[in-house]
2 protein chains.
Amino acid sequence: MKFSQRTEYALRALLELGRRAGEADGEPAPVPNREIAAAQRIPERFCEQILADLRRAGFISSQRGACGGVRLVRDPATLTVSEVVDVAEGPVVTQACLDPFDDAARAQAHSAIQELWLDVQITIRDRLASVTLADLIKRQDELDRTSYLVFQI
Amino acid sequence: MKFSQRTEYALRALLELGRRAGEADGEPAPVPNREIAAAQRIPERFCEQILADLRRAGFISSQRGACGGVRLVRDPATLTVSEVVDVAEGPVVTQACLDPFDDAARAQAHSAIQELWLDVQITIRDRLASVTLADLIKRQDELDRTSYLVFQI
DNA sequence: CGATATCCTAGGAAACCGGTAGGGATTTGT
DNA sequence: ACAAATCCCTACCGGTTTCCTAGGATATCG
């Protein structure tokens with residue numbers, strides 16, 4: 001019962017993109033995969049694939065060729081962690097899919113246990129949907145400033 | 001991101017045991033693995049292993065030999081689903097374990113993303129800890145009575 | 001043209017999962 | 001004493017998933 005490394009990487013990549021977009025004014029320059037991977041310590045070719053998924057999902061756009069890279073398309077304030085999880089590792093599902101031809105399994109469909117799984121599933125999704133990329137960026141900046149201060153003391 | 005079949009089986013087995021214990025008065029007779037597996041449609045040898053885990057965890061006790069079987073030891077009202085999940089598939093952990101020798105990973109330890117994972121983890125555990133075996137038994141009885149009525153109409 | 005990028009597809013090692021299997025140990029009933 | 005029933009321990013196995021690497025095609029800029 002855990003989230004995949006792939007999701008962690010996807011969030012880190014988007015976090016990195018979001019922070020850079022915040023710094024630059026106007027149309028931000030595309031950030032190449034290489035830089036994102038290095039900054040967030042993600043295996044380069046693996047990061048490439050994850051970025052491709054994020055592009056297909058419409059979260060980022062890409063530009064090929066020299067001086068190319070990826071750009072954040074979605075507004076960080078409306079891009080939720082839940083959406084990223086769905087793209088990176090598939091939707092959160094706590095119960096096995098029910099075989100529609102297995103009567104025994106269908107009989108279990110309305111069991112107390114199944115109800116609990118569904119409840120937990122909704123709880124997780126709601127929690128993940130309540131956090132946006134903008135929230136993460138803001139919180140990360142706070143953390144960074146705090147540790148900076150700590151070192152200053 | 002889902003719970004294992006093993007956990008589902010563990011809960012079903014305990015549910016079955018709990019219901020039988022509720023019917024009989026006084027010291028209940030031990031229920032053999034075979035009956036539990038048949039009633040809950042769990043592969044017999046697989047169920048055997050799961051029951052062994054539940055015994056090692058102290059949730060049930062077992063009696064060997066003819067007329068043997070397993071008995072519920074813990075009070076269903078205090079046995080939480082969270083405990084069963086921990087035994088059947090290990091604790092719910094939403095973040096990868098941090099390698100204490102990997103400085104780069106440790107630097108991520110206080111990241112916004114890690115904080116989110118921890119938050120979700122606690123949310124799930126709390127939810128699972130708030131449901132007891134007695135709750136499941138009660139709810140399942142309600143469901144069974146309801147479907148009985150449906151067929152009567 | 002050549003360097004820098006993304007894009008697409010294909011693997012591959014390792015872990016995990018669901019389940020099976022063999023055989024030993026213990027208890028009960030006859 | 002013996003057979004049947006039952007739990008107990010360990011190993012294994014086929015399939016899937018996960019994390020990651022690799023090769024090469026394609027596009028863009030200077």
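User: Which residues have the most contacts inside the largest nonpolar core?

Analyst: A quick note before that: this is a predicted model, where local features need pLDDT of at least 70, side-chain atom pairs count only at pLDDT 80 or more, and totals for chains, interfaces and linings use all residues. Residues are numbered from 1 along each chain as its sequence is written, while chains are lettered from A and ligands numbered from 1 in the order in which they are written. A nonpolar core is a set of buried Ala, Val, Leu, Ile, Met, Phe, Trp, Tyr and Cys residues joined through C-beta atoms within 7 Å, and buried means 20 or more other C-beta atoms within 10 Å, exposed 12 or fewer, partly exposed in between, with C-beta atoms placed from the backbone. The largest such core has 68 residues, and those with the most contacts inside it are Ala10(A), Ala13(A), Leu14(A), Ala10(B), Ala13(B) and Leu14(B).

User: What does Ala13(B) touch, leaving out residues up to four places away in sequence?

Analyst: Contact here means C-beta atoms, placed from the backbone, within 7 Å. By that rule, Ala13(B) touches Ile36(B), Gln40(B), Ile42(B), Cys47(B), Ile50(B) and Leu51(B).

User: Which helix supplies the largest share of the side of chain B that touches chain A?

Analyst: In this pairing, 32 residues of chain B are in contact with 32 residues of chain A. Helices (H or I, at least four residues) and strands (E, at least two) are DSSP runs numbered from the N terminus, and H1, H4 (81-89), H6 (112-129) and H7 (133-152) of chain B each supply at least two residues of that side. The largest share, 10 residues, comes from H6(B).

User: How do the residues on that side of chain B divide by class?

Analyst: Ala, Val, Leu, Ile, Met, Phe, Trp, Tyr, Cys and Pro count as nonpolar, Asp, Glu, Lys and Arg as charged, and the others, Gly among them, as polar. On the side of chain B that touches chain A, that gives 18 nonpolar, six polar and eight charged.

User: Which element gives the largest share of the surface near DNA strand C?

Analyst: A residue is near a strand if its C-beta atom, placed from the backbone, lies within 6 Å of it. Of the 27 residues around DNA strand C, Asn33(A), Ser62(A), Gln5(B), Pro43(B) and Gly65(B) come nearest. The largest share of that surface, five residues, comes from H3(A).

User: And which element gives the most to the surface near DNA strand D?

Analyst: DNA strand D is surrounded by 28 residues, the closest being Ser4(A), Gln5(A), Pro43(A), Gly65(A) and Asn33(B). By class, the surface has 10 nonpolar, 10 polar and eight charged residues. With five residues, the element that gives the most is H3(B).

User: At what angle do H2(B) and H3(B) pack?

Analyst: Asn33(B), Arg34(B), Ile36(B) and Ala37(B) in H2(B) meet Glu44(B), Cys47(B), Glu48(B) and Leu51(B) in H3(B). Axes are lines fitted to C-alpha atoms, for helices over the stretch in contact, and angles run from 0 to 180 degrees between N-to-C directions. The axes of H2(B) and H3(B) are 9 Å apart, and the angle is about 115°.

User: Is Cys67(B) buried or exposed?

Analyst: Cys67(B) lies in the loop between E1 (60-63) and E2 of chain B. Its phi is near 65°, a positive value in a residue other than glycine. Because Cys67(B) has 8 other C-beta atoms within 10 Å, it counts as exposed.

Note on methods. Two residues are in contact if their C-beta atoms, placed from the backbone, lie within 7 Å.
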